[in-house]
Amino acid sequence: MIDSTTPTSGRCAIVTGAARGIGLATAHKLARRGWPIALFDLDEGALDAAAASIRAAGGTAQGFAVDVSDEESVAQGAAAANAALGAPLVLVNNAGVLRDDFLFKATLDDWDLIMNVHLRGAFLMSRAVQSFMVAERWGRIVNLSSTSALGNAGQSNYSAAKAGIQGLTKTLALELGKFGITANAVAPGFIATDMTRATAERQGLTFEELAERVSGMTAVRRMGDPADVAHAIAFFVAEESSFVSGQVLYVAGGPSA
Ligand code: NAP
């Protein structure tokens with residue numbers, strides 16, 4: 001369905017970490033809204049498959065092998081997306097990794113990796129695309145935070161990064177608002193993706209066991225689906241959401257704080 005949010009030609013939406021999970025669901029959702037999609041991720045094969053799935057559904061998409069934590073890679077990716085699909089006027093900072101451990105076992109390497117992918121990545125990507133948005137006097141940045149930003153045992157690195165994402169989001173909203181650019185964050189709870197499958201494995205549980213445990217503690221008595229998060233992201237991207245900025249929306253099947 002093409003709705004009133006459909007951009008004119010020569011514009012695209014960049015979704016990072018788009019080869020699977022929440023990123024891929026978001027890419028499909030925005031493609032259905034008429035956005036040509038630049039998928040950024042690490043693995044070229046996975047990117048090709050993801051882009052093909054969007055094209056098969058009638059959308060426009062191209063994959064770009066980009067490491068969001070690498071300044072040069074980000075600059076090249078933003079330029080390549082602009083050349084291939086048009087000015088990146090939507091940015092979804094979704095790329096992510098987990099390295100969970102309790103503090104006494106947590107390593108500095110893991111701390112650095114988490115900070116680099118989530119926080120440095122969101123900073124580098126936002127800085128790289130803001131000039132396109134400022135030139136057009138229109139832009140949408142949506143960052144992926146998490147309920148873990150409120151604190152979660154075993155996730156000192158990840159919860160700190162996801163809380164940092166919220167501060168970054170509010171500052172982007174303040175700095176960029178006068179250029180017609182909004183910045184918001186979506187903070188999911190437990191969503192069924194490869195990331196949470198790996199969490200179950202780490203905890204010695206089957207995915208079904210972990211899902212049942214989490215569902216029992218969730219107000220709506222189910223875990224989330226990537227489409228639940230994509231829907232919230234699409235709300236922030238919509239033209240009609242231009243007066244909503246600097247917000248954090250928890251998508252967690254119930255109140256989070
Ligand atoms: P996922 O299935 O693990 O997908 C994450 C994607 O990001 C992967 O394709 C991964 O590539 C890619 N990626 C990792 N490092 C990257 C880098 N340096 N540059 C570019 N791409 C990179 O994760 P997800 O569950 O969909 O999560 C998406 C986002 O939502 C993350 O920011 C996550 O923290 C957040 N979130 C998820 C949940 C949840 O319950 N799933 C809850 C709250 C927040 P590789 O496979 O090659 O590593």
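Phe64 sits in strand S3, with helices (H or I, at least four residues) and strands (E, at least two) taken as DSSP runs numbered from the N terminus. The model is predicted, so local features need pLDDT of at least 70, side-chain atom pairs count only at pLDDT 80 or more, and totals for chains, interfaces and linings use all residues. Residues are numbered from 1 along each chain as its sequence is written, and side-chain values use heavy atoms, with hydrogens and water left out.

**Around the ligand**

- The ligand has 27 residues around it, and Arg20, Asp41, Asn94, Tyr158 and Thr193 come nearest; a residue counts as near if one of its heavy atoms lies within 4 Å.
- Sorted by type, the shell holds 13 nonpolar, 10 polar and 4 charged residues. Here Ala, Val, Leu, Ile, Met, Phe, Trp, Tyr, Cys and Pro count as nonpolar, Asp, Glu, Lys and Arg as charged, and the others, Gly among them, as polar.
- Asp41 puts a polar side-chain atom 2.8 Å from a ligand oxygen atom. That is a polar contact, meaning a pair of N or O atoms within 3.5 Å; within protein, one must be able to donate a hydrogen and the other to accept it, and residues adjacent in sequence count only if both atoms are side-chain atoms.
- On its own the ligand has 900 Å² of accessible area, and the protein covers 91% of that; areas come from the Shrake-Rupley method with a 1.4 Å probe, and for residues only the protein chains shown count as cover.
- Elements giving two or more residues to the shell are helix H1 (21–32), H4, helix H5 (156–176) and helix H6 (194–202).

**Helix H4 and what follows**

- The buried residues of H4 include Ile114, Met115, Val117 and His118. Buried means under 20% relative accessible area, exposed over 50%, and partly exposed in between (1.4 Å probe, protein chains only).
- Arg137 follows H4 and lies in the loop between H4 and strand S5 (139–144). Arg137 is not a glycine, yet its phi is positive, about 55 degrees.

**Other residues worth a click**

- Arg221 also has a positive phi, near 55 degrees, without being a glycine. You'll find Arg221 in the loop between helix H7 (207–216) and helix H8 (226–237), where it is exposed at 55% relative accessible area.
- Thr199, in helix H6, is buried at 10%. A polar atom of the Thr199 side chain lies 3.1 Å from the backbone oxygen of Met195.
- Back to Phe64: it counts as buried, at 9% relative accessibility. Phe64 and Ala81 are 17 residues apart in sequence and 7.7 Å apart in space, C-alpha to C-alpha.
- Ala57 is in the loop between helix H2 (44–56) and strand S3 (61–65), and is exposed at 61%.
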